[in-house]
Amino acid sequence: MPNFLDRLLPKRFRKKGTVIPVVRLHGAIAAGGSRFKPALNLASVAPMLEKAFSRKDAPAVAIAVNSPGGSPVQSRMIFERIRALAEEKGKTVLVYVEDVAASGGYMIALAGDEIVADPSSIVGSIGVVSGGFGFPELLKKIGVERRVYTAGENKVILDPFQPEKESDIEYLKSLQVEIHTIFIDMVKARRESRLADESGIFSGLFWTGRRGLELGLVDRLGGMREDIKRRYGKDAKLELISGAKDFFGRRLPGVSAFAAPDAEQIAAAAVGGLAEVLEEKALWGRYGL
């Protein structure tokens, strides 16, 4: 409504300055999520992306990324949605890295026509990792016998209650290689002309924003506000696109407003599964967050 009213006013009475919508993508990337343990996924961010790209008078959409990664599927789906909307609406996409855009977080950042990072940001980690826990000896100690019946010899592959098999590990690694190849192809397609000739770029290592600039993983160092004003003038304004809220005004599950899970989140989410919370915290911890 305010935008419509602005257009009815004579130009001299209209608001000055270009308005750039901002979408903040924060948190570990996963298909699920709850109010106590929000997750970053396509379902949670799609409404905000649609709203941001529908702003007709905005020449660009700014996206703040702060994610240690997670689901490669959700990461790629978010990337694809951003690019599809950018082409459909004819918008420039400016990605701003905050604390970290690593692994799946960097995959999302690739949607940017330009990537701007703080010198101390963490970027990269172009690789694939799988993790879990094994409990084959625990059952013996507590006197529990595990009984599993399957149709299909590989139905219980990588069962955490059975000893690891070399064939299972080899199969998992073959899947990781396929996903890694997809990730590498995305990086090359989006940034090949800017990438440095360095073999370690696709090794899974991660770097500061300053080193990322040297490697061609980012285009510029700096912050969102300063960069937007440099591009669109000192009167340019940022407009944060908020997520949906419930009847009481609380933000619905999806995009976290926190840079990393705190003690309250961990305690609340324990009912839903302590292992998942610890795994998410480990994602952040890998980058010192």
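Is D227 buried or exposed? D227 is buried, with a relative accessible area of 4%. Buried means under 20% relative accessible area, exposed over 50% and partly exposed in between (1.4 Å probe, protein chains only).

This is a predicted model, where local features need pLDDT of at least 70, side-chain atom pairs count only at pLDDT 80 or more, and totals for chains, interfaces and linings use all residues. Residues are numbered from 1 along each chain as its sequence is written, and side-chain values use heavy atoms, with hydrogens and water left out.

**View 1. D227 in helix α8.** D227 sits in α8, residues 224–232. Helices (H or I, at least four residues) and strands (E, at least two) are DSSP runs, numbered from the N terminus. Leaving aside residues up to four places away in sequence, D227 touches Y96, V116 and R220. Contact means heavy atoms within 4.5 Å.

**View 2. Two serines with positive phi.** S103 lies in the loop between β3 (92–102) and α4 (104–109). Its phi is near 55°. S103 is buried, at 14% relative accessibility. S125 lies in the loop between β5 (122–124) and α5 (136–142). Phi of S125 is near 55°. S125 is buried, at 3%. Most residues other than glycine have a negative phi.

**View 3. The largest nonpolar core.** This core has 45 residues. A nonpolar core is a set of buried Ala, Val, Leu, Ile, Met, Phe, Trp, Tyr and Cys residues joined through side-chain atoms within 4.5 Å. L25, I63, I82, Y106 and L217 have the most contacts inside the core. Helix α2 gives the most to this core, seven residues.
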